[in-house]
Amino acid sequence: KAVLLDAPWLFSGAFRALQPFIDPVTREKISFLSTTHAQHVEQLGAMVDRAVVETDLGGLLTKPHFDEAAYFAPARDPLQAR
């Protein structure tokens, strides 16, 4: 399932224009949600554990853990990653 949170209006407009050409099964897998609408935050909570979603996006995670060294290590030295 693809969830687009707070996507620009251009994305949802383009999606609406292209909907007739997208397979219905694929169409059902795409959701546009806005964190300003309580109903959308509830829908997001039904799809993903809110404990792993940042508070800015309607979740409960106040300080996400990001290990920059581990994430970028393969890009810094591609031969070492093999």
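In which helix does Leu10 lie? Leu10 belongs to helix 1, which covers residues 9–18, where helices (H or I, at least four residues) and strands (E, at least two) are DSSP runs numbered from the N terminus.

The views below show a predicted model, in which local features need pLDDT of at least 70 and side-chain atom pairs count only at pLDDT 80 or more, while totals for chains, interfaces and linings use all residues. Residues are numbered from 1 along each chain as its sequence is written, and side-chain values use heavy atoms, with hydrogens and water left out.

**View 1. Confidence along the protein.** The predictor's confidence in each residue is given as pLDDT, on a scale from 0 to 100. The protein has a mean pLDDT of 82, and 93% of its residues reach 70 or more. Confidence is lowest in helix 4 (residues 68–76), with a mean of 76, and highest in helix 2 (residues 24–27), where the value is 94.

View 2. Trp9, Leu10 and Phe11 make a nonpolar surface patch of about 410 Å². Patches are made of residues with over 30% relative accessible area and no salt bridge, with like charges joined within 9 Å and nonpolar side chains (Val, Leu, Ile, Met, Phe, Trp, Tyr) within 5 Å; a salt bridge is a side-chain nitrogen of Lys or Arg within 4 Å of a carboxyl oxygen of Asp or Glu. Accessible areas come from the Shrake-Rupley method with a 1.4 Å probe, and for residues only the protein chains shown count as cover. Leu10 counts as exposed because its relative accessibility is 54%, given that buried means under 20% relative accessible area, exposed over 50%, and partly exposed in between.

**View 3. Strand 1 beside strand 2.** Strand 1 (residues 2–5) and strand 2 pair in the parallel sense over four bridges, and two strands are said to pair if DSSP finds at least two bridges between them. Leu5 has Leu33 as its bridge partner in strand 2.

**View 4. The aromatic pair.** One aromatic pair is held in the structure. Phe15 and Phe32 form this pair, which is tilted, with 5.3 Å centre to centre and 50 degrees between the planes. Phe15 lies in helix 1 and Phe32 in strand 2, so the pair ties together parts that are 17 residues apart in sequence. Rings of Phe, Tyr and Trp (its six-membered ring) pair if their centres lie within 6.5 Å, and planes under 30 degrees apart count as stacked, over 60 as edge-to-face and the rest as tilted. Phe15 is buried, with a relative accessible area of 11%, whereas Phe32 is partly exposed at 26%.

**View 5. A positive phi in a loop.** Asp6 lies in the loop between strand 1 and helix 1. Most residues other than glycine have a negative phi. Asp6 is not a glycine, and yet its phi is positive, at about 50 degrees. Asp6 is also partly exposed, with a relative accessible area of 38%.

**View 6. Leu44 and Val3.** Leu44 is part of helix 3, and Leu44 counts as buried because its relative accessibility is 6%. Although Leu44 and Val3 are 41 residues apart in sequence, they are 8.3 Å apart in space, C-alpha to C-alpha.

Definitions and conventions:
Buried < 20%, exposed > 50% of the residue type's maximum accessible area, 1.4 Å probe, protein only.
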